[in-house]
Amino acid sequence: MVNPNEDTEFNDALRAHGILPPKPPSRSPSPDIPHITHDDAVRAIAATADADQLVTLLEGDNLDSDDERMFEEYRQKRLGEMKKEEKRGRFGSLEPLGREDFVKEVTEGSRISPDGQVETQGGDDEEDEEDVQDKGRLKGTGVVVYLFKDSVPLSQHLRPLLQQLAAAHPSTKFLSIPAGLCIPNYPDKNVPTLLIYRNGDMVGNVVAGMGLKGLKTTVRDLEGLLLYYKAIEKPSPALLRSTRNNDSDLDDDDDLDEAVGAVNSRASGIRSGGAGLGTGRGEAESDGDDSDFDL
């Protein structure tokens, strides 16, 4: 019996006459694996190592001068990145604010860039590499001012949440001041209030916790609101891990927009030179004339 899979002259003749089907094509050869040089391997290791790991690599006995130079270059780069992050994270706690310091700490303080320099309008035609890398970052510093009164339950509820956020977002300045000290005769029904500044402008004010969930507000709820107003740049991974199983986060940006829709984000009520508050909305509306002052 003829085995059609055998590679014989007889089978070739049968295939030529169409008696047997053609032979299946031979498997294509495997593509050539690119050659990885020693320099490529060293660069890949250096690019993924942190500063401490690079120090360990530099202490190795079998390094040649080129390897040592590359590891040292990446180590210096990592140290520079660490110093830059340290400058950005120069706060880290909820600090008390004096009324006389409002302009300096809030209005002017929100104009300070993450590296400690005052933001300028415009600039030189030539940009250095650091300016290019920071182009996507928000201008100035986010400043959150917490107007509170201890006898108001929501004030007591929000304080530890703001302390958590201050620790999780050290590049944002969190300040607190008694509402009556900041704005004389400030109505209790408007307490607590959050004033949110960036780059010299008030970008939002949250009166009486509007847009939050009252005494059920979580730290993630409050973080989402500050993200909405760009007081902070991105969520904290640490907070995400610690509250993953018991938070009630908003599902998407549309939900977030809906949740903060009632928040008064108009800056007209609080002037950049002070902390005069205009009327809020709904129940947060003040009685009588606007409470307003200049610092």
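**Figure 1. Overview of the chain.** Helices and strands here are DSSP runs, numbered from the N terminus. In this predicted model, the protein chain holds 11 helices and 5 strands. It has 295 residues, and 35% of them are buried. The accessible surface is about 18,100 Å². Carbon and sulfur atoms supply 49% of that surface. Among contacts with a separation of 6 or more, 68% join residues 24 or more positions apart.

**Figure 2. A patch of negative charge on the surface.** Four residues gather here: Asp39, Asp64, Asp66 and Glu68. Glu68 belongs to helix α4, which spans residues 65-88. Its relative accessibility is 43%, so Glu68 counts as partly exposed.

**Figure 3. Tyr74 in helix α4.** Tyr74 also sits in helix α4. Buried means under 20% relative accessible area. Tyr74 has 19% relative accessibility and therefore counts as buried. Beyond residues up to four places away in sequence, Tyr74 touches Arg43, Ala46, Ala47 and Leu54. The C-alpha atoms of Tyr74 and Ala47 lie 7.0 Å apart, although the two residues are separated by 27 residues along the chain.

**Figure 4. The salt bridge of Lys173 and Glu105.** The model contains 7 salt bridges. One of them pairs Lys173 with Glu105, with 3.1 Å between the closest N and O atoms. This pair links distant parts of the chain, 68 residues apart. Lys173 is in strand β3 (residues 173-178), and Glu105 is in helix α5 (residues 102-108). Lys173 counts as buried, at 10% relative accessibility. Glu105 is partly exposed, at 26%.

**Figure 5. The salt bridge of Asp188 and Lys149.** The closest N and O atoms of Asp188 and Lys149 are 3.0 Å apart. Asp188 lies in the loop between α8 (179-182) and β4 (193-198). Lys149 lies in the loop between β2 (142-148) and α7 (153-168). The pair therefore ties together parts that are 39 residues apart in sequence. Asp188 is partly exposed, with a relative accessible area of 43%. Lys149 is partly exposed too, with 34%.

**Figure 6. The salt bridge of Arg220 and Glu223.** These two side chains meet at 3.2 Å, N to O. Both residues belong to helix α9 (residues 219-228). Arg220 and Glu223 are 3 residues apart, so about one helical turn separates them. Arg220 is buried, with a relative accessible area of 13%. Glu223 is buried as well, with 1%.

Technical notes: Residues numbered from 1 in each chain as written. Predicted model: local features only at pLDDT ≥ 70, side-chain atom pairs only at ≥ 80, totals over all residues. Heavy atoms only, no water. Patch = residues over 30% accessible without salt bridge, like charges linked within 9 Å, V, L, I, M, F, W, Y side chains within 5 Å. Areas by Shrake-Rupley, 256 points an atom, 1.4 Å probe, with all protein chains shown as cover. Lys, Arg positive; Asp, Glu negative; His and termini not counted. Charge placed at Lys NZ, Arg CZ, Asp CG, Glu CD. Helix = DSSP H or I, 4+ residues; strand = E, 2+ residues; numbered from the N terminus. Buried < 20%, exposed > 50% of the residue type's maximum accessible area, 1.4 Å probe, protein only. Contact = heavy atoms within 4.5 Å.
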